[in-house]
Amino acid sequence: MQDLLKFAPYLLMFVVLYFFMIRPQQKRAKNEKEFESSLKVGDKIITKSGIHGKVVELAETTVIIETMSGKLKLERSAISMEMSAALNKKA
């Protein structure tokens, strides 16, 4: 019993760490994966670096967007879920 009480603070610290750091990160990663897979031609997006564009072609891991200056090929993971959602709420 005494040995178990020695590990209780560490166990409690791990539980708190899990619920405040690990679990939210996993949930965010899952949401981003769903967002990337739900992209379709015609969607207006903003990349994580701030480039605005419209999806014109989709591949398995890449996407081609049309910007004011031409077409760009990007990884799907380079598209910002939050900024794109905010852009589509305005429109």
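Tutor: Begin with exposure: buried means under 20% relative accessible area, exposed over 50%, and partly exposed in between (1.4 Å probe, protein chains only). By that scale R28 is partly exposed, because its relative accessible area is 40%. The model is predicted, so local features need pLDDT of at least 70 and side-chain atom pairs count only at pLDDT 80 or more, while totals for chains, interfaces and linings use all residues. Residues are numbered from 1 along each chain as its sequence is written, and side-chain values use heavy atoms, with hydrogens and water left out.

Student: How many salt bridges does the structure hold?

Tutor: Side chains of opposite charge can pair when their charged atoms come close. A salt bridge here is a side-chain nitrogen of Lys or Arg within 4 Å of a carboxyl oxygen of Asp or Glu. The structure holds 4 of them. R28, E32, K48 and E82 are linked in a network of such bridges.

Student: Which residues does R28 meet in salt bridges?

Tutor: One is E32, at 3.4 Å from N to O. Helices (H or I, at least four residues) and strands (E, at least two) are DSSP runs, numbered from the N terminus. E32 and R28 both lie in helix α1, 4 residues apart, or about one turn of the helix. E32 counts as buried, because its relative accessibility is 13%. R28 also meets E82, at 3.1 Å from N to O. That pair links distant parts of the chain, since E82 is in helix α2 (residues 81-90) and R28 in helix α1, 54 residues apart. E82 is partly exposed at 39%.

Student: Where does K48 lie, and what does its pair with E32 tie together?

Tutor: The K48 and E32 side chains meet at 3.8 Å, N to O. K48 lies in the loop between β1 and β2 and E32 in helix α1, so the pair ties together parts that are 16 residues apart in sequence. K48 is partly exposed, with a relative accessible area of 49%.

Student: How do I read the strands?

Tutor: Two strands pair if DSSP finds at least two bridges between them. Strand β1 (residues 44-46) pairs with β2 in the antiparallel sense over 3 bridges, and I45 stands opposite G53 in β2. Their hairpin has 5 residues between the strands, and G50 in it takes a positive phi near 95°. Strand β2 (residues 52-58) runs antiparallel to strand β3 (residues 62-67), joined by 4 bridges, and the hairpin between them passes through 3 residues. Across this pair, E57 has I64 as its bridge partner, and L58 stands opposite V63. β3 is also joined by 6 bridges to the antiparallel strand β4 (residues 70-75), in a hairpin with 2 residues between them.

Student: What does UniProt list for residues 6-22?

Tutor: An unreviewed UniProt entry lists them as "transmembrane region"; positions follow the numbering used here, feature names are shortened, and annotations may be inferred rather than shown by experiment. In the model, residues 6-22 are 100% helix and 0% strand, with end C-alpha atoms 24 Å apart. I22 lies in helix α1 (residues 2-37) and is partly exposed at 32%.
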